[in-house]
Amino acid sequence: METLSGYVEHIIFQNSENGYTVLNLAAEGEEVICVGMCKGLSQGESISAQGEYIDHPVYGSQFKISGFQVVVPQDSIGMERYLGSGAIKGVGPALAARIVKKFGDDTFRIIEEEPERLTEVRGISERKAREIAVQMEEKRDLRNALVYLQQYGISNTLAVKIYNAYGESLYGVMRENPYRLSEEI
């Protein structure tokens with residue numbers, strides 16, 4: 001099993017029901033076509049993916065993802081790329097640049113902990129600041145749920161179904177009666 005790290009440059013296809021995704025990953029100075037179950041993954045996100053290279057008869061060499069973790073961008077370039085990628089509805093490249101210019105490497109912390117400060121950026125109202133914070137939180141919640149369920153050997157495909165069915169209450173279900181999943185999902 002190999003590990004490939006980079007950022008999602010472009011999502012070519014994503015099935016909203018099961019999470020099957022085809023994407024371009026900018027990794028180590030080259031573009032790699034990756035395929036796999038990546039529900040909730042957005043353009044511009046940085047990931048560390050585990051899997052193997054396969055040779056598809058029609059599409060050629062691809063990296064087949066068996067598991068992945070989203071890596072939070074640590075620098076302002078990665079943050080701007082993520083925010084401007086379309087991952088957060090209503091934030092384009094220009095607004096992302098203004099946000100990151102204002103808050104620098106502290107951008108994600110501000111969005112998560114002090115979203116009201118986003119109104120300091122030209123073009124962001126209080127309502128828009130709240131919407132941005134909510135979207136960031138929703139994406140984080142899905143990723144946390146996938147990581148949590150993976151520790152029990154649950155595939156990403158099944159984890160997405162569980163998250164869609166239970167949302168944040170899945171942790172309680174897992175603690176109280178995990179067999180409920182086999183009956184209901």
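The protein has 19 positive and 27 negative side chains, and the centres of the two sets are 7 Å apart. In this count Lys and Arg are positive and Asp and Glu negative, while His and the chain ends are left out; each charge is placed at NZ of Lys, CZ of Arg, CG of Asp or CD of Glu. The model is a predicted one, in which local features need pLDDT of at least 70 and side-chain atom pairs count only at pLDDT 80 or more, whereas totals for chains, interfaces and linings use all residues. Residues are numbered from 1 along each chain as its sequence is written, and side-chain values use heavy atoms, with hydrogens and water left out.

Seven helices and five strands make up the elements of the protein; helices (H or I, at least four residues) and strands (E, at least two) are DSSP runs, numbered from the N terminus. Their order from the N terminus is β-β-β-β-β-α-α-α-α-α-α-α. The radius of gyration is 18 Å, close to the 16 Å that the globule rule gives for 185 residues, so the protein is as compact as a globular protein of that length. This radius is taken over C-alpha atoms, and the globule rule is 2.2 Å times the number of residues to the power 0.38. Along the principal axes, the C-alpha atoms fill a box of roughly 45 × 45 × 25 Å.

Of the 185 residues, 44% count as buried; buried means under 20% relative accessible area, exposed over 50%, and partly exposed in between (1.4 Å probe, protein chains only). The protein exposes about 10,200 Å², of which carbon and sulfur atoms supply 49%. These areas come from the Shrake-Rupley method with a 1.4 Å probe, and for residues only the protein chains shown count as cover. Among the contacts with a separation of 6 or more, 46% join residues 24 or more positions apart, a contact being heavy atoms within 4.5 Å.

The largest nonpolar core has 20 residues, and those with the most contacts inside it are Leu 83, Val 91, Ile 99, Leu 118 and Ile 124. Such a core is a set of buried Ala, Val, Leu, Ile, Met, Phe, Trp, Tyr and Cys residues joined through side-chain atoms within 4.5 Å. At least two of its residues come from each of helix 1 (76–83), helix 2 (93–103), helix 3 (107–113) and helix 4 (126–150). Helix 2 supplies the largest share, five residues. Apart from this core lies another, of 16 residues, including Ile 154, Ile 162, Tyr 163 and Met 174. Leaving aside residues up to four places away in sequence, Val 91 touches Leu 83, Gly 84, Gly 86, Ala 96, Ile 99, Lys 128 and Ile 132.

Several single positions were also examined. Ser 48 is placed in strand 4 (residues 46–56) and is buried, at a relative accessible area of 14%. Beyond residues up to four places away in sequence, Ser 48 touches Thr 3, Leu 4, Ser 5, Gly 67, Phe 68, Gln 69 and Val 71. Glu 28, in the loop between strand 2 (20–27) and strand 3 (30–37), is exposed, with a relative accessible area of 69%. Glu 28 has a positive phi of about 50° although it is not a glycine. Most residues other than glycine have a negative phi.

Asp 75 lies in the loop between strand 5 (60–71) and helix 1 and is partly exposed, with a relative accessible area of 36%. Asp 75 and Gly 104 are 29 residues apart in sequence, and their C-alpha atoms are 8.1 Å apart. Ser 155 occupies the loop between helix 4 and helix 5 (156–166); with a relative accessible area of 40%, Ser 155 is partly exposed. Its C-alpha atom is 8.6 Å from that of Ser 66, which is 89 residues away along the chain. Gly 172, in helix 6 (residues 170–176), is buried, with a relative accessible area of 16%. Between Gly 172 and Tyr 59 there are 43 Å in space, C-alpha to C-alpha, and the two are 113 residues apart in sequence.
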